[in-house]
Amino acid sequence: RTTESNKENGVLSAGNTPKNTLQRSSTSGSNSSAGSIAAMNAQTAVRNSSFEKDLERHLNRLQTSKSMANFMAYDSNSPKTESPIMSPKREPSKTVHLDGLIETLGQNVAKVYEFRVIRGVWNCRRNMIQICDLLTTKENIPNTMDINKPFMLTTNDNREYYVNVRFATETERFPTNAYPTVEINDRLMEQLEINHGEKITLKPIHNALNIVDRIELLPATKVAPMIEEDIAEKFKQFVLQNSKIHALLLNQDQLFKLPEYYVTVKLQPQSLKYCLINSTILRHSKISCIGEVKPVADILKRLAESPFYCFATTFDCAKHKGRKPDSIQKDLRHALYLCMFHSPAVLFMDGLDVLTHQPGDQNTPDAEYHNKVSDVIRKQIEEFTSNNPIAVIASISSSSNLNRRLHSSRGYHLFQQLVKIPNLDKTDREGALKGLFVHRQCKLDRRIDWKRLANQTEGYAIGSLVQLVDRAVFYAYKQDSKFPFVTEEMVANALDVTNRYCLVGIENHKQSTQTDGNGDDEDDDIAGDKIPGLEGAIEVFQEVLMWPTRFPKIFEASPLRNQAGILLFGPPGTGKTYL
């Protein structure tokens, strides 16, 4: 009883209760009923006071908590004249809590806002507004709408696109009526088939997706490798500059505008419709620029639509060149597992002959490497395609370059069908040349005979035509950088330089050297010691190759091990092949 009264004294001192009452109740030794009743009343008062203060302290803690602040709406200003035990009725407090919970849940529910559309112009020279940016004014924004979040735009035909809402600097073009108005650029209206004055809906996105693995940038035409690196670097700089406050929104297959280029954005995995990217995500994601437009991309796009709905992913073989077979197997299994989880699926292996080159009959380390990689790829494809609806499409430069363990003229065939992409005909070459020159924004000479140029470029691929046009444009800029003018002579000179890289010209050069060089073998009879600069190399040859055969007893008694070979190194023309 003394211990209990001491605890009560401690609580009582914190509750500012008179000390005399506690001291009398704790030190009283009488057994009278009046003393017991006084002690019980004192204990009850202390417990009521401590319980009330503990309850108030916990409620204040819940109010200041970040996670429970919206759920607890405790009224701290209401007077507390009675203790919780004396007044058990708390129905108003429960009602307040329930109202606060309903209000919090109502804030989390995404609202849909309706707007009327007016047409805008996507002016690339004036500003850097992207195709997914919508413009409006403060008067057209509802009070509950937060423009800092991305929105999902839905048309009357249920077409969806993810957009940002920005404030326009010029507000005169926005009408003042009862309907909120938003401006959409003409490119996006054409893409989504939206008419002027049509109604659209915007739904805010609370949980944005940031699970992008790789971002591919596709320019309009094939560009040089240096320009590809420049495009990727400028894209990174653009993201860093425009994502300091809010993350940058990217849609799948979005036409993206850089200061000097227009590129198409491809998000990986391809099932991703959009993503928000900032400096942190940019650091962990892979940014690559692919300047060559492949025909398989159209096939995969058609397979992803109705009625097929196939998942597609790409395995770039050129990026795995020189890696160990085990590392290639690990990445290939990851791509095949992804196809298996999203089946039916299509796996596109781009440039398969880079990893599985046909070595021929030579037994070299490169031949052994290509054979091992071919076996790894064949086993993985057979394992996953035998029991799963997965199709594999591969691109190669030539069927003769593919390893015989994957495809041979007789016997085993991993790929069931071989489709050869036809070369460009005369009409295609003529149209491609005109389009490439127009895209370079240079003035052309009217005397250029396009039909004759198409005949002279027979057998050219699209990449060779790009090289031809780039050389002609380079000659024009070299002559006049301010006003480049492409003449017929410049095109002819560019064609002569481009033809030197053809295989036909190289084979003719070999044949001419073989026929004309029959009398040049007389120079090979000159002794090596008469050629200045090779004295030291000849001495090494004599010590390593000739001395062990001339003096075998001396070398057998020597504790040193004989040298196994000689490595010749040096720039071209120093005499390595001659020795």
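**Close-ups of a predicted model**

**View 1. Thr155 in its loop.** Thr155 sits in the loop that links E3 and E4 (strands are DSSP E runs of at least two residues and helices H or I runs of at least four, numbered from the N terminus). This is a predicted model, so local features need pLDDT of at least 70 and side-chain atom pairs pLDDT 80 or more, while totals for chains, interfaces and linings use all residues. Residues are numbered from 1 along each chain as its sequence is written, and side-chain values use heavy atoms, with hydrogens and water left out. With a relative accessibility of 5%, Thr155 counts as buried (under 20% relative accessible area, with a 1.4 Å probe and protein chains only). Skip its neighbours within four places in sequence, and Thr155 is in contact with Leu192 and Ile194 (contact is heavy atoms within 4.5 Å).

**View 2. The largest nonpolar core.** This core has 29 residues (buried Ala, Val, Leu, Ile, Met, Phe, Trp, Tyr and Cys joined through side-chain atoms within 4.5 Å). Leu153, Ile184, Ile200 and Leu202 have the most contacts inside it. Elements giving two or more residues to the core include strand E3 (151–154), strand E4 (160–167) and helix H5 (186–192). E4 brings the largest share, 4 residues.

**View 3. Helices H12 and H14.** The axes of H12 (residues 426–439) and H14 (residues 462–479) come within 10 Å and cross at roughly 40° (axes are lines fitted to C-alpha atoms over the stretch in contact, with angles from 0 to 180 degrees between N-to-C directions). Among the residues that meet here are Leu433 and Phe437 in H12 and Leu465 and Val469 in H14.

Note on methods. Buried < 20%, exposed > 50% of the residue type's maximum accessible area, 1.4 Å probe, protein only.
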